Amino acid sequence: MTAFFQLLFQGIALGCIYALVALGFTVVYRASKVINFAQGSLLLVGAYLVSVLATGLNLPFVLAVIAAIALLAAGCAIFQMMVLQRVLGQPVFVLVMITIGLSIVIDAAIPAIFGGNARILGDPWGASAVHVGGVTFNWVRIWTVLCTALILALYFVFDRFSRYGLAMRATAADEEAALAVGVPVRRVYALTWAIAGGVAVVGGLFLAGFPGSVNPSLGNVSLRAFPAIILGGLDSPPGAVVGGITIGIVEVMASGYAPGWLGSDFSAVAPYVVMILVLLCRPYGLFGTRPVERV
Amino acid sequence: MGKVRMHPLAAVCAAGAITIGIAACGTGSSGGGGGGSGGGGALKTGPGVDAKTKTISLGVLSPLSGPVAAIGKPLTAGQETYFHAVNAGGGINGWKIKLVEQDTKYDPQTEVQAYNRIADKVAFMAQSLGSPTTKAIQPLAAQQQMLIGAAAQDSSLVTDPVMAVIGTPYAIDNANALDYIAKQKDKNAKVGIIYQNDAYGEDGLRGYKAGLKAYHLRHVAETTYKVGDTDLTAQVQKMRSAGAQYVFVVATPSVAATIVGTGASQGYNPTWVFQGPAWSGYLMTADGTTSGKPTAVAKALDSNVWVLGYESQWGDMSVPGMAKFLADAKKFAPAQIPDYYFMYGYSEAKMETAVLRKAIAAGDLTRAGILNAKLHLGKVDLGGLMPPVDYTPALGPASRMTGISQVSSTTPGFLKGFRAFFMGDAAKSMQFKAASR
């Protein structure tokens, strides 16, 4: 039973990281219908930013994280305004291709600048842990869960009660109508990118926490998080959270309990199996919006 | 943003590549007649051999940028260092060596392009780093009788006549480690293995199984992971619940560190047996040296981990070739930190020098002549830095010996050798067949 709870905790912690990745995807998608394929690479940049600020410039860790969030959020907003806004009006496909290009550039630039060796994150937790009834809770994983919860709460408060949250929802519902009533749609797009950048820093830093490290392959996690986004519904932030945590638990449990006849790496397949099962019942995901169409 | 960090060596390598490259282009055109007789008496020369200036150009196909540059740069620097020392000592019978370096980025396609770019300008390839990359040029090399100094320990390469591999195939390392456990530690020990789910992992598993068969240890658990897995709790738990005392890890460094770190934080501390490539000094500190800032997993790795390999401990003066090695490194690569890929490159260049010496003695520096010299090279001592190579027309691994080190946070290079090169019974009889392509 200890083993079960250990795996459950690891699954939830991994799922929180997936939830943060998925949130970055859905925030951008909901407003602009662009699937941001660079989200994983933003995570990579986030982790390196924190590492450079905390170990290179020796900032206190909390300050390093806040500075990294501010920097990457600003960077993403600027990228949206300088590049993506120029091609507004083009088919969404063009914007998606640009995000793929961005991810290629980042994935090549990071090892070119920092080399292929792993870096130290500079976090205060390291390998420290608490043990309860035989189950190990690494501090970095406890903080993963807490911070994810905090960020999600903040996001939902912002989305629900602030003017820009309302503007984001209005843009998501109908871009033209939103424009017509004076919603600053361009600013909303830039804002969604800034949010995507901010959550990427948090996702990246926890992904690189013990026993992981800051290394150029961190960005690959976005592909693992993909079933979570589809499962939850591409345009639904709550779906991203539920989907992310579900997929995290499924992956870790499958790797612990899948019988041998399912093949040696069923854990990598299991999330997709769950995703397909959900889509069979709910084609737009658990929380996705079913488009209303006139027939 | 931080400043662009470049290893001091990187700049040296890049600059070296350019100057060396230009020089070699000149010699390539004049000496690239292919099989004609050169100016130096009866000596036959081939591409990359300039009899007028007595210069032999050798190719280097190495990942000098990208993630694998962490291996490519020190390995290439090791080769440069050895050849610089040879040239400074008057060359091989008066012949000087020049390197033509190409960046492959560890990408098979780039490797093939780089190979084609320099193939007619070099006598042979002094380095081709990596299994997938080397396999990509294997057919070309066979066709052109191009000798390849393959810096890859994949078992399937050792049966190809054009491949000159030093060191021991990974598979044999695992079999030897089981030999050591069975004979020196506990013949009833419980052992397990975690391996990467691909050709690299399968090769390691093969040696592990050969060892199990020979020594009848208690195999209790076997599990895999996939590249990209970030959480390895389940794999570690499998080992733990099976009670494995020795866990073989056939992985990349970051995964190996995750496995050991996960185990330690859950209070599970078996002896972790790392197959060579699972190890990197950067797992211990930020800059890979003992004075650097320790990583979060450093404490877990310290003293609990064995690393299998075929290289002597850096700075071990009881090794006959160590003094010369350290002196050459100090003179020609002063910025070099202790790095076992550097030692590998240095040793590989030593083997290649022996091949060239034999070819020159036979009066034949054509491609065929050089290949023939390699096939009949026999036993060549590498100064004890690595096990001696033994090339014969029967092919097979250059060595079947393995040394075992323990990770230690205070030793320069972090590895403290405790079992010198040895060959176990299972390793003696392991068969190596050419890979079916």
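**Close-up views of a predicted two-chain model**

View 1. Just after α7(B) comes B:G243, with a positive phi of about 75°.

**View 2. The cis peptide bond between A:F210 and A:P211.** Omega for this bond is near 0°. Most peptide bonds are trans. A:P211 is located in the loop of chain A that runs between α8 (185–207) and α9 (221–232).

**View 3. Backbone at B:K54, a non-glycine residue with positive phi.** The phi of B:K54 is about 50°. Most residues other than glycine have a negative phi. B:K54 sits in the loop between β2 (49–50) and β3 (55–62) of chain B. Its relative accessible area is 32%, so B:K54 is partly exposed.

**View 4. Backbone at B:F414, a non-glycine residue with positive phi.** For B:F414, phi is about 70°. The residue belongs to the chain B loop between β16 (402–407) and β17 (415–422). B:F414 counts as buried because its relative accessibility is 1%, under the 20% cut-off.

Technical notes. Residues are numbered from 1 along each chain as its sequence is written. Chains are lettered from A and ligands numbered from 1 in the order in which they are written. This is a predicted model: local features need pLDDT of at least 70, side-chain atom pairs count only at pLDDT 80 or more; totals for chains, interfaces and linings use all residues. Side-chain values use heavy atoms; hydrogens and water are left out. Helices (H or I, at least four residues) and strands (E, at least two) are DSSP runs, numbered from the N terminus. Buried means under 20% relative accessible area, exposed over 50%, partly exposed in between (1.4 Å probe, protein chains only).
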